[in-house]
Amino acid sequence: MEPGGNSRLFFVLWKATPCTAKSRIVSDVINRAEALLHRGDVEQAATLLKTAERSGDPLAARELALWLLVGELVRRDLTGSRALFERAAELGDEYSATVLRAFTAGGVGAPADWPRAMMLLREAARTDREAASQLQLIEAMRFAPDGTAAGDFPSETLSQAPEVRLFPSFFTPAECAYLVEAAAPALKPSVVVDPHTGAQLPNPVRTSQAAAFPFVDENPAIHALNRRIAAASQTDVRAGEPLQVLRYAPGEQYRPHSDALPGVTSSEQRVLTFLVYLNEDYEGGETAFPALGFKVRGQLGDGLMFRNASGDGAPDALAVHAGLPITSGVKHLASRWIRAAPLVL
């Protein structure tokens, strides 16, 4: 594990409540490593954690996995990170076990292995209620043994150019409810991409709350939903940005905008957007396409896909759309932006 080029101190400490003598010792190792980092001694902190990991310390293994994942203190290494999360999981760390299942299903740090991800999930479901709920959702879906989404995805074409398609009942009520519940603790004010800096910032154009599921949090159930989106849109699942769940309260909206990114190459462009309406007990909130002259008011579980850019990556002005203000109730929506080519993690 070699020091990275960024010398800014960044210590990733996942809070754990020590309840045994061993975990108190583990916490002491983490605290000592943190003190070394505050003095700027990354090498000694790494040596301390490596020694503890080799002695069977699960939190030291997890901390090293996080270092390699984040890439601030050392060079980023997803393969090494996955191996250390697996080591920590074998030593009994539950958080690392959840990350390992996500990485195994999604192919982070090594090729995706859907059969093994399902084996790990079934083992966890014996004692973990969250894992059991994920397993129940997946077992109700149609997947080939290798994880390929099976079945047809009937749709209605609302526009030919740009392509806009509606997929009735794309997610089940149970899948919609799961996403709403999973997102609730992580909801934060939504952001937009600044066209000048590329930074993601709050903006009055978008007045909702959002929770994203990046690859660390893309558990097998969420990954399975992303595989279905990829199958329906005929895209590579790796080309999708993290699934988001959006919450719109009365008066909140997303003013007319394009989902295409300004000034990017054609391979990096957000060529498609895929939305799924997670509830229907609200008023207002239609998805409007002003240039096309129509609005979509999806029912529970309906999917809506539309193309944002042409083949050369140029944004399509006709695809400008808006989430109209909510007049009563609360709207929940799942959203996935899909790039022209697989993302490089």
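Before naming any strands, I noted how they are assigned: helices (H or I, at least four residues) and strands (E, at least two) are DSSP runs, numbered from the N terminus. This is a predicted model, where local features need pLDDT of at least 70 and side-chain atom pairs count only at pLDDT 80 or more, while totals for chains, interfaces and linings use all residues. Residues are numbered from 1 along each chain as its sequence is written, and side-chain values use heavy atoms, with hydrogens and water left out.

Entry one, the cavity. I searched on a 1 Å grid over the protein atoms alone for sets of points where a 1.4 Å probe fits but cannot get out; lining residues have an atom within 4 Å of a point. Grid points join across faces, edges and corners, and volume is the space filled by probe spheres set on them. I got one cavity of 30 Å³ or more. The largest cavity has a volume of about 140 Å³. It is lined by 17 residues, with Tyr248, Tyr254, Leu275, His321 and Leu333 the closest to its centre.

Entry two, the lining. S7 (243-248), S8 (254-257), S9 (270-277), S14 (321-323) and S16 (331-339) each supply at least two residues of it. S16 gives the largest share, four residues.

I found Asp316 in the loop between strand S13 (303-307) and S14. Leaving aside neighbours within four places in sequence, Asp316 is in contact (heavy atoms within 4.5 Å) with Pro162, Asn308 and Ala309. Its C-alpha atom is separated by 41 Å from that of Val74, 242 residues apart along the chain.

Technical notes
1 Å grid on protein atoms, 1.4 Å probe; cavity = no way out; pocket = protein on both sides within 12 Å on 5 of 7 lines; lining within 4 Å.
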